[in-house]
Amino acid sequence: MKQVIHRKLSSNILRLSLIILIAFSSSLSAQEGDPAAGKALFNTNCASCHKMDKKMTGPALRNVEARLAEDEGLDREWLYSWIKNSAGMVKSGDAYANKIYAEYKGVAMTAFPQLSNADIDNILAYTAVDPCVSNPKPGCPGYVPPPGGEATSSGDGDGASNNLILGALALLFALLAGALVLVNRTLRSFAQEKGVQLNEAPKGTPIWKAFVQNQFLVLVTAIFLLLASGYFVYGYFMQVGVNQGYEPVQEIHFSHRIHAGDNGVDCKYCHSSARVSKTSGIPSLNVCMNCHKSISEVADATATVEHSKDFYDGEIKKLYAAVGWDDANQEYTGETKPVKWTRIHNLPDFAYFNHSQHVSVAGVECQTCHGPIEEMEIVSQHAPLTMGWCINCHRETNVKVKDNAYYSKIHEQLAKKYGDLDQIKAAQMGGLECGKCHY
Amino acid sequence: MSSNKKYWKSVEELKENSSIVETLKQNEFVKEIPTDEFLGDKEALENSSTTRRDFLKYVGFSTAAASLAACEGPVIKSIPYVVQPDTIIPGVANYYATTVADGFDFASVLVKTREGRPIKIENNGLATTSGSANARVNASVLGLYDSKRLKTPMKGESVISWSALQLETTQKLADLRDSGRQIVLLTQTYASPSTSKLISEFKEKYVNVNHVQYDAVSESAALDAFQAKYNERALVNYDFSKAATIVSVGADFLGDWQGGGFDSGYAKGRVPNHGKMSRHVQFESNMSLSGANADKRVPLTPTEQKLVLAKLHSLIVGGSVSVNLPKHIDDAVQKAANQISKAGSNGVVVTGIQDVNAQTVVLEINEYIKSKAFDTVNTIQTRQGDNSKIATLIADMKAGNVGAIIMSGVNPMYTLPNANDFAAGLKKTALSIAFSMKVDETSSLAQYIAAAPHNLESWGDVEIKKGHFGLIQPTIRPLFDTKQFQEALLVWNGNDMSYNDYVKNVWNESILNGGSFNKALHDGVFVGAATTGLATETGSTAEIGANDATTPSGNAARALAQATSKGMELTLYTKVGMGDGQQANNPWLQEFPDPITRTSWDNYLTVSAADAKELGLVNEHEATGALNGSYADVTVNGVTITSPVIIQPGQAKGSFGLSLGYGRTSAGLKEEMKTGVNAYALYQGFDTVQNVTIAKAAGMHEFACVQLQNTLMGRGDIIRETTLEVFNTKGRDHWNAIPVVSLNHEETPVTSPDVDLWDEFDRSIGHHFNLSIDLNACTGCGACVIACHAENNVPVVGKEEIRRSRDMHWLRIDRYYSSEDTFADDDAKKKGFSGLSGDNGSLGGFGELEIAADNPQVAFQPVMCQHCNHAPCETVCPVAATSHGRQGQNHMAYNRCVGTRYCANNCPYKVRRFNWFLYNGNDEFDYFMNDDLGRMVINPDVTVRSRGVMEKCSMCIQMTQKTILDAKRDGRVIKDGEFKTACSAACSSGAMTFGDINDKESEVAKLLKDDRMYHLLESVGTKPNVQYHTKVRNTKEA
């Protein structure tokens, strides 16, 4: 009996726990979702058009489910079908679907039939996470500023303590010096009192007189000085017009480090005309907006010691002002203000340089001439851009003749002439002729 | 030497012991630096408060200041697009096909634009009409950037907005319609189907509308004759490539005769092919381009021309016309008639006489011989003006019968001989509107000036020849607040469509026949059926002009034969550079030297040497080689203008020439451009031939003539020519021998490496460019000169500088006169003199030798840098600024040049040009380069040269490099024909061929091996990369 009861009990417990488990798990799958998985899904699928707290191409999604339930009385099922096929909902005449479709000027939301209900649950769970829980900020209820005050003040504290230590050291040295002087004086007065004769060094000819009297030395020095000054004057004149290191402040602080470095944007994505034109082209603002339509602020990790996140976000705002983009309403205002960039690399008028020749035909990396652009916060002129610098490269660089029908005949003939099949230098192709760059 | 002819560029050279010619032979730079002007004035120097020490201090300070200032580089701003149009890539040129149609010139062209700026006009290879871009069309792109253009519409003196203008004028037009008064549209010839339709709609709406088409230089006689015979107001389309024998009586068909554009067809027949080429006989009074190219040129007065034509008619068609002509002319006519009769359908006769009878006679002859070159189906539509309608209009206006006049593309106050009558009439019209790009002679008198856009900013369409259509599309947004005539018509018609859409509709409905509009727009041209439904607007003129043109056959010839001379006759003509004068504010065209007289910045009375002697008119050459000429009073029917005189070899005695298109005075021109005299004042009754009295006037005129300048130092075999007979029967050695030098007492050709001073570089790898110039095909039209200006940023230097031989043309077209008798004959004759008088007396004999100048033969030779493989200029440059590339081009590094000018001294071809001034930054030179708007035309791929450097033709290295780069980028081999220079691309006659001679299959490589090929001054051993092809003349009389 006992056993039976026991069995019954355990089976009851089992049954009960199963029910609880099912109920719990179902509520888990139906209501809760996994915010972490949701975040990943959100970033891959939704983030290009939606933000949590801000209207973008589509509406802000923070607490979207609760909001819809409260304002419109729409449930999760509605959301499932909307996300999987919004166009179908609009067509079927759903009232809210049409309202939102009209609100966003007929921009249909991409259909996501590949998302399962569970995926959507995860995403919704992510949207429902209280930002104050994961990342407390000023303004959150119960926000406690992190201990130790603001980061900047603690930095100041460090500076102050350094100064303090340095000051103490300086004081110590001053005291030591003072003590030495005092000791010296006391010893001297002792010696005087005791009548000790101090040994004075015998006075010879002063060194400058000796120098002047030695004519050979004067001559050598004069020659040396002349040569040295000649060297510096020559050096000075040779750098006239060479603006290596020129690093002007631009109207918009554009960081190549962030774009080309951190984000690995291809140079030629923005400087597309470098492929076909003589100029590499400063990208027009519509190219910036390809990405910046959806990137209105930088990630926290982008900020550096010199430039805060707010600073970078401000620069993006400058871009919006220039291109006439109303970020709040996600539309162009039509009021543009072209950006006046300061040109960094300037070749004189009489030198012809063609980017496409070097970039497309020769396959030269941008960095060869422009330096480690992807590390530059502010671009500076890396190369001297002098004729000697150009010529030197033409002397050393092999022409990329492989797989180019234009070169096949010329290459064959040149190879016969110079006897080395692969090593045809630009100079051997006539790359040193005056008229190739000056016309 | 191909022939022993004596060549000369100026009559001055024929004078023995002319000190000027001698001086010029010795001095290349004719004027010394004028140091005397300020060092020679001792008194001023002594009174100057600046001592030598102070002077040195100032020099030192300014040098130091200048070098300090130079250390700081300028900050250059770059402003990218906000939204870059996806068709524009900065640094890459875009081409748009459009049509130039300014009422005088009509041509299908390609417009090269850079970053949205049109910078050059090129020929459209798809064009099916022969009207390719001439010098004026090439230069018209500069007219877009004319700083004197009207920027807004005007009401009288004040600015008005377009909306206000349209509101006011629409109201006034409606009032005038209601009161039943006449509304006149006075326009240029548009030959535009859509404009015709617009005007007919306008007529429907405003009822009493009279559309008058007005050509400044009228072809009314030819139109009337054609209309009488074929019942269509159009011009015959002559295809000279199909003509083996061409007889022209006063028709400058290589110039602007009947709309021009015949030169490419003509040139095709001029190149000897299988021993055959066309024969061209020209009867004319002025020395024209056609006369200069003719195999036989007979100078005669305009009256004699009429007689010649009558006689030709009777000889070819038959009939009994007896005319009395001097024997040598009579002879020539007989022979010409024989040749035409013999050629049959391969012959063609044309005339430029503004006389319905003359034009009828020509139509009859061509029809009679069934000339293949004579096309009456695909007729030319680009001239529609009717003299009688203009006369009626002016009478109507004066009588106060015209309520409103709307003008577009015309400038009657400048181009009408009776401009005062027009002005008086204009005052009596209730409403006058002038569509104009400028405040010009006419628009300044109109109540409203509707600022019109340039052709390159406009939409439109043209039917150049029947069934051959062209589209006009804007290549830039309007620079100023302008609207076209057609847009205004749409508004007045109450149509709110844009003109762009209107053109599209018209094309889709009536022209394209189902074809794609976008393709037509891309091509710029479309060949379809004639506009049957649309031509009604122009067809309505049928009742007028048919007056006396119905004269039946022989009658026209008989009427012609009645012509009698009434003293001296003046023939008005248009110059290649200036045309009808609408582009007078274009410095390129002003500085363009006339192909015949080689004079720029002027028009002038051309006088024969004999008449000049009688009238006491003289041409003098200053010691600098500059030309001065007397003034003459030219009086026609009581109207007198005073024009400078040029003594023109080949001008028929008793005839004079004066070109139209000069003497503009309006505010729409810069002061420098107000050159010459207005010959329209003498253009009475729209007849280019006028009876005239000439009298010497006081003073001497200073010409800007490049004629005596840059003489070729007496080296004679620069032009080689032979006759077709010799060419066909004898070997190359006979007529195109390579010069020889003595090596070990053996004659060795100069091309042999044994006699070369230099070692030859290996040029067999890569490209080796050659430019070939066929002297037979070159008509001297000068399109290449302007194309070179546009491509290479050649500065304009102005009249004063040209006079000092400081012209900057990289490409010049030398014109050589030669005596018809050979030099050898002259020499023999001289030796045969015995005694002073008598049959062989030297007194008369020497005079006869000079007669050569009465009717010289002419040869044109384009000369640019010859890109010598062994260049004399390169060896003398102390700073190695000029050097040779392995592709055959002679490079010039401007930044390296220090301006010693040794190279120019050492150049045997005199093709180097020195920048005496900073033409783009010196206010003395107020031409396009010194003008913010004018600078927009500058080609960004070519350096704008600075003061103190040499420059010269680069063989368009920027273009060859571009072609190479494109091929490299695409990874392909370059095909023949891809390499081009600005001049070779502009040459529509096929005289210039450019290419790579290392490509053995290329045309230019084949031309290099041609028997006619020679190099300039081959004996010098410079081994040029420019080839010339011996001129062959078809001198055989039938």
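**View 1. Helix 12 and helix 14 of chain B pack at an angle of about 25°, their axes 10 Å apart.** The model shown here and in every view is predicted. An angle under 35 degrees counts as roughly parallel, so helix 12 and helix 14 of chain B are roughly parallel to each other. Their crossing is left-handed. Helix 12 of chain B contributes Lys306(B), Leu309(B), Ala310(B), Leu312(B), His313(B) and Ile316(B) to the contact. From helix 14 of chain B come Ala358(B), Val361(B), Glu364(B), Ile365(B) and Tyr368(B). By class, 8 of the contact residues are nonpolar, 1 is polar and 2 are charged.

**View 2. Val308(B) sits in helix 12 of chain B, residues 302–316.** Val308(B) is buried because 27 other C-beta atoms lie within 10 Å. Leaving aside residues up to four places away in sequence, Val308(B) touches Val249(B), Phe283(B), Leu300(B), Leu325(B), Ile329(B) and Val333(B). Asn324(B) is 16 residues from Val308(B) along the chain. The C-alpha atoms of Val308(B) and Asn324(B) are separated by 9.4 Å.

**View 3. Chain A meets chain B through 46 residues of chain A and 41 residues of chain B.** Four elements of chain A each supply at least two residues of the side that touches chain B: helix 14 (285–292), strand 3 (341–342), helix 16 (355–361) and helix 19 (405–418). Helix 19 of chain A gives the largest share, 6 residues. The side of chain A that touches chain B divides into 19 nonpolar, 20 polar and 7 charged residues.

**View 4. Strand 3 of chain A pairs with strand 2 of chain B.** The pairing is antiparallel and runs over 2 bridges. Strand 2 of chain B spans residues 77–78. Thr342(A) stands opposite Lys77(B) of that strand.

**View 5. Leu385(A) has a positive phi, near 55°, and is not a glycine.** Most residues other than glycine have a negative phi. Leu385(A) lies in the loop between helix 17 (366–370) and helix 18 (387–396) of chain A. With 20 C-beta neighbours inside 10 Å, Leu385(A) counts as buried; the cut-off for a buried residue is 20 or more.

**View 6. Lys910(B) is a non-glycine residue with a positive phi of about 55°.** Lys910(B) belongs to the loop between helix 32 (902–906) and strand 40 (913–914) of chain B. Lys910(B) is partly exposed, with 18 other C-beta atoms within 10 Å.

Technical notes:
Residues numbered from 1 in each chain as written. Chains lettered and ligands numbered in written order. Predicted model: local features only at pLDDT ≥ 70, side-chain atom pairs only at ≥ 80, totals over all residues. Contact = placed C-beta atoms within 7 Å. Nonpolar A, V, L, I, M, F, W, Y, C, P; charged D, E, K, R; others polar. Pairing = 2+ DSSP bridges. Buried ≥ 20, exposed ≤ 12 C-beta atoms within 10 Å, placed from the backbone. Axes fitted to C-alpha atoms, helices over the stretch in contact; angles between N-to-C directions. Parallel < 35°, antiparallel > 145°, perpendicular 65-115°, else oblique. Left-handed = near helix turned anticlockwise from the far one by under 90°.
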